[in-house]
Amino acid sequence: MMERRRFAALAAAAFALAAVPGCTAEPSAPGGPLPQATSTASPGPAGAVVPGDPDVISTGLDAPWAIAFHEGVPLISERDSGRILELDDAGNTREAGMIQDAAGRGEGGLLGIAVRDGSLFTYFTAGTENRIERRELSGGPGSLTLGPATTVLDGIPAGPIHNGGRIAFGPDGLLYATTGDAGDRENAQDRDALAGKILRMTTDGDAPEDNPFPGSLVYSYGHRNPQGIAWDSSGTLYASEFGQNTWDELNVITPGGNYGWPEVEGIAGEEGFIDPVQQWDPGDASPSGIAVAGGSIFIANLRGERLREVPLDGLDSSTEHLAAEYGRLRDVVTAPDGTLWVLTSNTDGRGTPGPEDDRVLALRIG
């Protein structure tokens, strides 16, 4: 395939660079007033994405969930198989290891991954709990292997729905994790529960001294099923969130903030709760992974089957890319060469897979 052959040029540059956080965008204005409006979306190709078809990086993935980079080598988690795959410079896959305890049902399984200091961090469902583990990565490109597991955090409530599952390292070097309410909505307002939260911890699973609630991993609460997290260059944290039947959300995360679930959904204007900066009908969104690059937030949408771009200088507006072209989109990350990598999600039991699904796509941004 011509598109896939173009990947060789992209990969040569990507593999030569170490992974970097997606925090290269222009600063937003934390502390200033935030727009409180429903999205006014433009369906065209305007925005930071360079017009043109995406390059096809890899095909034939089985319910992939997340992408991370280890010294320039792409790693992918597969939700149902529990496999960690590495990609070579032609987009071919190789199993680097398997998370044996990952036993998902419904939305559970092997979910988010992150890499730090030569270790792979995984978030996965194991029976009645979600767990974060750390494993050393050994070997080089084409021969990566996973070492024994060290538990970072266990006891996160799990269920067939609403497991959250995204993990990422912030610009402060700490590990952040999104957790869903696991189907028990009251978890979200209970600050003693790990569910329905964004958590912040050290690589050993300890609570940093400057967390908003002393001795607690809770960084923000009142979340239904937060999915994507990313930071801009000023350190502002953004998170996408699945709503119920009314509104999906894009939130600016304030330490200690209460985002309202289950008391409110979407923009409510109620005292004590922080409103999202943008909201969408779930049929047009179901926002999953997010990335910050080129002065915008990019949001992969599942039911909405599109990549939504929200400019950092206009958080109440958006532009749509790839709408209904590649099906459900699960994750978006900034690759080491500066391109956006988008992960499709059509083999997860809810999509309609094509002959090459699932795929990794690459988009250039200007």
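Buried residues have under 20% relative accessible area, exposed residues over 50%, and partly exposed residues lie in between. The views below show a predicted model.

**View 1. Salt bridge between Glu 78 and Arg 83.** The closest N and O atoms of this pair are 2.9 Å apart. Arg 83 has a relative accessibility of 25% and therefore counts as partly exposed. Glu 78, in contrast, is buried, with a relative accessible area of 1%. The structure holds 20 salt bridges.

**View 2. Salt bridge between Arg 131 and Asp 101.** The closest N and O atoms are 3.1 Å apart. The pair links distant parts of the chain, 30 residues apart: Arg 131 belongs to strand β9 (residues 129-138), and Asp 101 to the loop between β6 (93-98) and β7 (110-116). Arg 131 is buried at 14% relative accessibility, whereas Asp 101 is partly exposed at 43%. Both residues take part in a network of salt bridges that also includes Glu 129, Glu 133 and Arg 135.

**View 3. Salt bridge between Asp 331 and Arg 166.** The N to O distance is 3.4 Å. Asp 331 lies in strand β24 (residues 329-334) and Arg 166 in the loop between β11 (150-157) and β12 (167-169), 165 residues apart. Both residues are buried.

**View 4. Negative surface patch.** Asp 184, Glu 186, Glu 263 and Glu 270 form the patch. Glu 270 is located in the loop between β18 (248-253) and β19 (278-280) and is partly exposed, with a relative accessible area of 42%.

**View 5. Side chain of Gln 279 in strand β19.** This side chain reaches the backbone nitrogen of Ile 267 at 2.8 Å. Gln 279 is buried, with a relative accessible area of 5%.

Notes:
Residues numbered from 1 in each chain as written. Predicted model: local features only at pLDDT ≥ 70, side-chain atom pairs only at ≥ 80, totals over all residues. Heavy atoms only, no water. Patch = residues over 30% accessible without salt bridge, like charges linked within 9 Å, V, L, I, M, F, W, Y side chains within 5 Å. Areas by Shrake-Rupley, 256 points an atom, 1.4 Å probe, with all protein chains shown as cover. Salt bridge = Lys/Arg side-chain N within 4 Å of Asp/Glu carboxyl O. Lys, Arg positive; Asp, Glu negative; His and termini not counted. Charge placed at Lys NZ, Arg CZ, Asp CG, Glu CD. Helix = DSSP H or I, 4+ residues; strand = E, 2+ residues; numbered from the N terminus. Buried < 20%, exposed > 50% of the residue type's maximum accessible area, 1.4 Å probe, protein only. Polar contact = N/O pair within 3.5 Å; in protein donor to acceptor, adjacent residues only side chain to side chain.
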